[in-house]
Amino acid sequence: MSRHLSARDISECVIGNRSDTVEGHLNACSECAGEVARMSESIAMFGSAIREWSEQQEGNVEIKAPDPAPNHFWDMGMFRWQVATASMAALLLAAIPVHRMNHREPVPMTMTAAVSDDALLRDVETQISRSVPVSIEPLADLMTSDTGTTTTTTGRSR
Amino acid sequence: MESVLQPEFTLSIAEQTAGELADFESVVRQYQSAIFRYILASLRDRDAAETLTQDCFLKAYQARDGFRGESSVKTWMMRIAVNLVRDHISNARLRFWRRTQRASIDLSLAGDWLTDSKSSPEAVANARQLVAAIWSAVDELSDKQRTVFLLRFVEEMDILEIVAATGIKEGTVKVHLFRALQAVRAKIAGGKQ
């Protein structure tokens, strides 16, 4: 086999992706097989060196698991939903009386108008039926008692 | 017997992962090393790695209710770590600090991390030189190339896990990996000459 593996083929081999064609070539070509083996070994060596170095560095490192007790009120999972629901219910309950106060049953306009009309008519009737003005009604009463005739202040004497 | 065991087998992945997240202390114990290692290798700053690892678990804890089990817990944790590292790197002030840190400690000590007592001194020296060359190549990669390279070859995640952890499309992950490997290969070849 005259052609060797391309750089991409060698990279694919190191990554771990080998097609049958490439595998066949590696079995036949010691040069390419050697190159793939060298690269793989070098990178594996690098990986283990990094792991060892990291292990040494990690020796004094103490990573603490986050405190399961909530630091913040809203970290409390399901409890926060319960609190939120209760708050909403309380707000709604408080809002109902306020709503009722602001929306009292209005007295129908026609009814008030009718009442005031009746009162006005009664008042007019009273005024018309007076024989003397209101201010001298007491004197008029005295006069009627002197003559023996009895009239009411509201009675008509025409 | 089957009927007793059946409920265990019918647990969905989401239920399993939710159960795994319920005991958060064991999640920390299980994934602390991988998260710390990825952040340390990305930033090469031990203090930042420690802080960001703590932040990573805090974020995961706060977001655990929203975890839907679409990936493994490790992939999900790694995604948080990848985002934290990206945010950290994007901070220009910290980037300056990171460069200063790197220049002073990294490359001179890179080879010392190999402890293979079985090899001959010459082989150990060659291995250290090789690791230093790769470390130097990784240092020069773009942030995305470095991320996918570290996730693949240090954390040994497969392509689909890297896709899930980074949010980068599969084809793009492969391109980043290919370019990273090309850079590493060139560095190794240059080191031998």
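1. Two residues are in contact here if their C-beta atoms, placed from the backbone, lie within 7 Å. By that rule, in this predicted model, 23 residues of chain A and 33 residues of chain B make up the contact between the chains.

2. On the side of chain A that touches chain B, the elements that give two or more residues are α1 (7–15) and α3 (30–58) of chain A. The element that gives the most is α3(A), with 14 residues. Sorted by class, this side of chain A has 14 nonpolar residues, five polar and four charged.

3. Chain A itself has six helices and zero strands. Read from the N terminus, its elements run α-α-α-α-α-α. Chain A has 158 residues, of which 10% count as buried. If one takes the contacts in chain A between residues at least 6 apart in sequence, 47% of them join residues at least 24 apart.

4. With neighbours within four places in sequence left aside, B:I39 is in contact with B:A49, B:L52, B:T53, B:A81 and B:V85.

5. The crossing of α3(B) with α8(B) is right-handed. On α3(B) the contact is made by B:Y38, B:A41 and B:S42, and on α8(B) by B:R146, B:T147 and B:L150. By class, this contact has three nonpolar residues, two polar and one charged.

6. On confidence, the model scores ipTM 0.79 and pTM 0.64. Chain B has a mean pLDDT of 81, and 75% of its residues reach 70 or more.

7. Where in chain B does pLDDT stay under 50? This holds over residues 1–10, and for that stretch of chain B the model has zero contacts beyond four places in sequence. Where pLDDT is low, the predicted coordinates should not be read in detail.

Methods
Residues are numbered from 1 along each chain as its sequence is written. Chains are lettered from A and ligands numbered from 1 in the order in which they are written. This is a predicted model: local features need pLDDT of at least 70, side-chain atom pairs count only at pLDDT 80 or more; totals for chains, interfaces and linings use all residues. Helices (H or I, at least four residues) and strands (E, at least two) are DSSP runs, numbered from the N terminus. A residue is buried if 20 or more other C-beta atoms lie within 10 Å of its own, exposed if 12 or fewer, and partly exposed in between; C-beta atoms are placed from the backbone. Ala, Val, Leu, Ile, Met, Phe, Trp, Tyr, Cys and Pro count as nonpolar, Asp, Glu, Lys and Arg as charged, and the others, Gly among them, as polar. A crossing is left-handed if the near helix is turned anticlockwise from the far one by less than a right angle, and right-handed if clockwise. pLDDT is the predictor's confidence in each residue, from 0 to 100.
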